[in-house]
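Thanks for asking me to look this one over. My notes follow as numbered points, to read with the structure open beside you.

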Amino acid sequence: MLRTSQVLLSRVTSSTQGSGAQRPILRFDGEAFRLKRTGELIRALLVLRLCAWPPLVSYGLTLLSWSRRLLGSRLSGALLRASVYGQFVAGETTAEVQDSVQRLQRLGLRPLLAVPTEEEPGTDWRGEAWYEGNLNAMLHCVDLSCGPPGSLPPQPVIMQLRVTALTSAQLCKELTLRLRETGTSKELSPERFASTMESGKDLQISSLSPELNQHLKASLSRFHRIAQYARSQGVRLLVDAEYTSLNPALTLFVSSLAVRWNCREEADEDGAPWVWNTYQAYLKDTYEQLNQAAEAAEQKGLGFGVKLVRGAYLDSERAVAQRNRTADPTQPNYEATSRSYNRCLELMLGHVSRRGSRCQLMVASHNEESVTQAVKRHCWSCETMIKSLNPL
């Protein structure tokens, strides 16, 4: 199942009295709610309360299964569409999704289409056909991101995807293990991977089996095709982070795409990067990783795009660390995560100020303090985030 997630960013500015300068107005007054009917807002409140109820969170899939058995798929589906599904879904068809996007755009909100299909660590290899099907879905989502034929979508157009929709978690785990060894810089360099993406040659990584080397070749081809098509349509790609057991390999793939598509030769008139990466502030080593990546991009003359998040795999990461008797990679509490987020935010705002459009940042936070910090620090326009999920 392919899902689309619209992240909508509203920008509001006002003129300063007595000058022509523009100063940002930061608003958390629910302006976006104007497009919602009273019934929809009541449903949203009920869904919020339900999703905060621990038994429903823990046994949601089991309850869904029993609902289908007792009520049948049709009645169970109708109840879902009237409740949770209806709350988070922008539409069941392309036309419905586009209608939702257009209604939001009339409020000055900008859509971001996402393909959150991913493969969990430990999943059996599904065969190349599954990943090729995901690629075709992503290519379709690039077209959806551009809006209906003849329309002028708001700029920049950004689409979000996950690496493990195009390559196996097993390959990512094997590459991550290899990357953590010493002396792998030449064999697993972004420049070598970028060259192979376009040429289609075999890499033949020494630590991989013949089957995984063949899968790597096919995966690099898929990365190249989605990036090439997105670039041709003027759509920027934002790559999601996943688990720590996979992230070094994910970063390698994103860095390889950046070498090919974030170079000055590919820059448009805005100069903004075409491929962005995601950094999770709830991990202890994120600041160092982000600092190294930002400096490396600047030294190579590459555009650098970052989506900064707090993180979404806290319980899973801690459970894996406990099971494997390894150090917990996450921050000890919410306060430490917020300090990490604000520190990373300050780091990136410095790079944005220095590099201009060649370095860009998405402040992906529901936290008013973090958004306020970004606005005050950089005199940005207010960016309010609203998410909705749509299965296609």
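1. A definition to begin with: a residue is called buried under 20% relative accessible area, exposed over 50%, and partly exposed in between. Please keep in mind throughout that this is a predicted model.

2. F88 and A44 are 44 residues apart in sequence, and their C-alpha atoms are 9.1 Å apart in space.

3. The largest nonpolar core has 48 residues, and the members that touch the most others are M159, F193, L216, I226 and F253.

4. Setting aside neighbours within four places in sequence, I226 is in contact with L135, M138, L139, V142, M159, L161, L166 and L237.

5. Where does T278 lie? It belongs to strand β8, residues 275–280. With a relative accessible area of 8%, T278 is buried. Its side chain reaches the backbone oxygen of V239 at 2.7 Å. Beyond neighbours within four places in sequence, T278 is in contact with L238, V239, D240, A241, K307 and V309.

6. Now a helix pair. Helix α10 (residues 286–300) packs with helix α12 (residues 334–355) at an angle of about 10 degrees, and their axes are 10 Å apart. Angles under 35 degrees count as roughly parallel, and α10 and α12 are therefore roughly parallel to each other. On the α10 side, T286, Y287, E288, L290, N291, A294, E295, A297 and E298 take part, meeting R343, C344, L347, M348, H351, R354 and R355 in α12. The residues of this contact divide into seven nonpolar, three polar and six charged.

7. Finally, two backbone details to check. Most residues other than glycine have a negative phi. Q204, in the loop between α7 and α8, has a positive phi, near 55 degrees. R325 also has a positive phi, near 55 degrees, and lies in the loop between α11 (314–324) and α12. Is R325 buried or exposed? At 80% relative accessibility, R325 counts as exposed.

Notes:
Residues are numbered from 1 along each chain as its sequence is written. This is a predicted model: local features need pLDDT of at least 70, side-chain atom pairs count only at pLDDT 80 or more; totals for chains, interfaces and linings use all residues. Side-chain values use heavy atoms; hydrogens and water are left out. A nonpolar core is a set of buried Ala, Val, Leu, Ile, Met, Phe, Trp, Tyr and Cys residues joined through side-chain atoms within 4.5 Å. Buried means under 20% relative accessible area, exposed over 50%, partly exposed in between (1.4 Å probe, protein chains only). Contact means heavy atoms within 4.5 Å. Helices (H or I, at least four residues) and strands (E, at least two) are DSSP runs, numbered from the N terminus. A polar contact is a pair of N or O atoms within 3.5 Å; within protein, one must be able to donate a hydrogen and the other to accept it, and residues adjacent in sequence count only if both atoms are side-chain atoms. Axes are lines fitted to C-alpha atoms, for helices over the stretch in contact, and angles run from 0 to 180 degrees between N-to-C directions. Angles under 35 degrees count as roughly parallel, over 145 as roughly antiparallel, 65 to 115 as roughly perpendicular and the rest as oblique. Ala, Val, Leu, Ile, Met, Phe, Trp, Tyr, Cys and Pro count as nonpolar, Asp, Glu, Lys and Arg as charged, and the others, Gly among them, as polar.
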